[in-house]
Amino acid sequence: STHIFEKANVSYDMVIVCRKRTENPEKKLWSQIEDEIYFNVEEVIERLKKFKKNLRHEDIFIVAIGKCLEFYSKYYPEVYKGDQRVSIDDALSVIREIVDSQLMHTMFNQIADETDTITAIYITYLAKRTRISYDTLNKFLKMRSIPMNDVLESGLVEKKGSELLLLTPQERFDVLREKIDSGKPLSAIDKTHFLYALRKSKGMGNTTKFLNDLGEDLVSWKTDSVLQTLKYLSELGNKEYSAILSLLTRYGKK
């Protein structure tokens, strides 16, 4: 069917090509193939990012899975875990986990370099959710030696039992306003959420007034990290962030 735009759909397909073998494959342990996948998946992802710069996260994911499946198909069906053959479904399940984990790791590091750690956490793990379990996020953070308290104190989430509820920009507005008035440091996602809440509550005119009132302080808002944050969130399909990005990009230009 026709691809649906702005819905995080993949634009590429994985094509499985089947052919008769000219000779029987050698027997291979799944643990050895799994090691090959681990060693090569980062290189596959980096190569895709380098030579296919317009590939979205979802497309890189599906193409990387296809490339990693080659390691399994080379020895199929003589792939064993103990005495049991490893099925295609089982192999794909593990490959998905490996690719997803490495892709998230690569994406996180890139966003953190371009913005800041808290913003990278939000974009990578939280932006498309309304809630996440405490244990799930804690597992992600432990892999990167990031204390959970950093997220809890960021004001991005509210803990309810074993879950973390994501606060909307509008729900964060008053707290962010207080931080601005008191001169406390703001992350890129803080500034982005504040501009978003302004637009949603009072319209773009109020956002323009706020930027105009900043005067010389505009430089601290119109930073590469804020612009990149707006770009990433726009790519997730929210047109409000696209509008703010457009405004902020041209604001102050003569």
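**Loop serines and helix packing in a predicted model**

At 68% relative accessibility, S145 counts as exposed, because this value lies over 50%. The residue belongs to the loop between helix 5 (134-142) and helix 6. Although S145 is not a glycine, its phi is positive, at about 55°. These and the following values were computed from a predicted model.

The chain comprises 11 helices and six strands. Taken along the principal axes, its C-alpha atoms fill a box of roughly 75 × 45 × 30 Å. Of the 254 residues in the chain, 39% are buried. When contacts between residues at least 6 apart in sequence are considered, 66% join residues at least 24 apart.

Two further serines in loops were examined. S154 is situated in the loop between helix 6 (148-152) and strand 5 (157-160). Its relative accessibility is 12%, and S154 therefore counts as buried, the limit being under 20%. The side chain of S154 reaches two backbone atoms: the oxygen of V151 at 2.6 Å and the nitrogen of L156 at 3.2 Å. When residues up to four places away in sequence are not counted, S154 touches I118, R172 and D190.

S187 is placed in the loop between helix 7 (169-181) and helix 8 (188-202). With a relative accessible area of 13%, S187 is buried, since this value too is under 20%. Leaving aside neighbours within four places in sequence, S187 is in contact with D116, I118 and T119. The C-alpha atoms of S187 and T119 are separated by 6.7 Å, while the two residues are 68 apart along the chain.

Helix packing was then considered. Two packed helices are described by the angle between their axes and the distance between the axes. Helix 3 (residues 88-114) and helix 4 (residues 117-126) pack at an angle of about 140°, and their axes are 8 Å apart. Helix 3 and helix 4 are therefore oblique to each other; an angle counts as roughly antiparallel if it is over 145 degrees. The crossing of helix 3 and helix 4 is right-handed. On the side of helix 3, the contact is made by M104, M107, F108, I111 and A112. Helix 4 contributes T117, A120, I121, I123, T124 and Y125. By class, nine residues of the contact of helix 3 with helix 4 are nonpolar and two are polar, with no charged residues.

For helix 1 (residues 30-51) and helix 2, the axes come within 9 Å and cross at roughly 145°. The crossing of helix 1 and helix 2 is likewise right-handed. In helix 1, the residues involved are W30, I33, E36, I37, N40, V41, V44, I45, R47, L48 and K49. These meet I60, V63, A64, K67, C68, F71 and Y72 in helix 2. The residues of the contact of helix 1 with helix 2 divide into 13 nonpolar, one polar and four charged.

A cis peptide bond joins Y76 and P77, with omega at about 5°. P77 lies in the loop between helix 2 (57-73) and strand 2 (79-81).

Methods: Residues numbered from 1 in each chain as written. Predicted model: local features only at pLDDT ≥ 70, side-chain atom pairs only at ≥ 80, totals over all residues. Heavy atoms only, no water. Helix = DSSP H or I, 4+ residues; strand = E, 2+ residues; numbered from the N terminus. Buried < 20%, exposed > 50% of the residue type's maximum accessible area, 1.4 Å probe, protein only. Polar contact = N/O pair within 3.5 Å; in protein donor to acceptor, adjacent residues only side chain to side chain. Contact = heavy atoms within 4.5 Å. Axes fitted to C-alpha atoms, helices over the stretch in contact; angles between N-to-C directions. Parallel < 35°, antiparallel > 145°, perpendicular 65-115°, else oblique. Left-handed = near helix turned anticlockwise from the far one by under 90°. Nonpolar A, V, L, I, M, F, W, Y, C, P; charged D, E, K, R; others polar.
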